[in-house]
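Please read the report below alongside the sequence and the three-dimensional view.

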Amino acid sequence: MLYWFFVKGFGFIARLRINPTAQGVNNIPKKGGAIIAANHLAVIDDALLPLTCPRMIHFMGKAEYFEGKGLKGRFKKWWFTSVGVFPVDRSGGSKSLGALNHAREILENGQLFGIHIEGTRSPDGRLYKGHTGAARLALETGCPIIPVAIIGTRELQRHGQVMPAKGYTKAIYGEPIEVEKMNPEDITHDILRELTDRVTKTIQKMSGQEYVDEYAQTVKKRIMAESAK
């Protein structure tokens, strides 16, 4: 696994550019499975978290990252696999089930799993309604959720911008939200929604973002449709 080689070896380059700081790192359990549930503002969010977390974090990544052809495609697949990213088909349903099962295995093996509860980057910097995947994983495994507020990344890297500008970023790790393990058959939508909203509200308090009770994907589709008119 080349995760720590990249984080420790090349991380200094990222640190010089985005100047990451962390608060509440002591809230991350020193061992055992836990879910790192964060907001999502920019691509570099997935660099900020490894740079500020003392333990390795496994992430999901778009399936397209692993399906490219030629030398470039093989390199991207090797890169993401090396740094602990595994593919997920974001079309939902049974196609996404394999990724959730893999995330469950990661947690049951006592490792950290990272997820952006909004499901995609915020289109305007506000905090959007969370998806229930993190809550389901927590309830099925009994692992705590660590809410994380990412701050400053959007100002350094706008949509479509490859190289982030120089500036300052911060990750605030909140107190663990403990849950009791439940049988999957007993987990209802109301239970999932309540836990998800609790995580989202905690992130909102730490980040200071305005909350929008709507999925970010829905807003993005509406923006695209309006721009196409």
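## Asn-27 and its surroundings

Setting aside neighbours within four places in sequence, Asn-27 is in contact with Ile-146, Tyr-173, Gly-174, Glu-175 and Pro-176, where contact means heavy atoms within 4.5 Å. The model is a predicted one, in which local features need pLDDT of at least 70 and side-chain atom pairs count only at pLDDT 80 or more, whereas totals for chains, interfaces and linings use all residues. Residues are numbered from 1 along each chain as its sequence is written, and side-chain values use heavy atoms, with hydrogens and water left out.

Asn-27 is found in the loop between strand 1 and strand 2; helices (H or I, at least four residues) and strands (E, at least two) are DSSP runs numbered from the N terminus. With a relative accessible area of 16%, Asn-27 is buried, a term that means under 20% relative accessible area, while exposed means over 50% and partly exposed lies in between (1.4 Å probe, protein chains only). The side chain of Asn-27 reaches the backbone oxygen of Tyr-173 at 2.9 Å, and a polar atom of this side chain also lies 3.4 Å from the backbone oxygen of Gly-174. Between the C-alpha atoms of Asn-27 and Lys-181, which are 154 residues apart in sequence, the distance is 20 Å.

The loop between strand 1 and strand 2 (34–38) also holds Gly-32, which is partly exposed at a relative accessible area of 28%. Apart from its neighbours within four places in sequence, Gly-32 is in contact with Arg-55, Gly-110, Gln-111 and Leu-112.

## Helix 2 and Thr-52

Helix 2 is mostly covered, as 6 of its 8 residues are buried, namely Asp-45, Leu-48, Leu-49, Pro-50, Leu-51 and Thr-52. Thr-52 lies in this helix, which spans residues 45–52, and a polar atom of the Thr-52 side chain is 2.9 Å from the backbone oxygen of Leu-48. Not counting residues up to four places away in sequence, Thr-52 touches Pro-20, Thr-21, Ala-22, Val-25, Ala-171 and Tyr-173.

## Helix 1 and what follows it

A nonpolar surface patch of about 730 Å² is made by Leu-2, Phe-5, Phe-10, Phe-12, Ile-13, Leu-16 and Trp-78. For such a patch, residues need over 30% relative accessible area and no salt bridge, and nonpolar side chains (Val, Leu, Ile, Met, Phe, Trp, Tyr) are joined within 5 Å, as like charges are within 9 Å. A salt bridge here is a side-chain nitrogen of Lys or Arg within 4 Å of a carboxyl oxygen of Asp or Glu. Helix 1 gives the largest share of the patch, 5 residues, and Phe-12 is placed in helix 1.

Asn-19 sits in the loop between helix 1 (3–18) and strand 1 (20–23), and its phi is near 45 degrees, a positive value in a residue other than glycine.

## Accessibility and cysteines

| Residue | Relative accessible area | Class |
|---|---|---|
| Asn-19 | 25% | partly exposed |
| Thr-52 | 11% | buried |
| Phe-12 | 46% | partly exposed |
| Cys-53 | 4% | buried |
| Cys-143 | 9% | buried |

How many disulfides are there, taking a disulfide as a pair of cysteine sulfur atoms within 2.5 Å? The count comes to 0 disulfides. The sulfur of Cys-53 has its closest cysteine sulfur in Cys-143, and because the two are 14 Å apart, they are too far for a bond.

How values were computed. A polar contact is a pair of N or O atoms within 3.5 Å; within protein, one must be able to donate a hydrogen and the other to accept it, and residues adjacent in sequence count only if both atoms are side-chain atoms. Accessible areas come from the Shrake-Rupley method with a 1.4 Å probe; for residues, only the protein chains shown count as cover. A disulfide is a pair of cysteine sulfur atoms within 2.5 Å.
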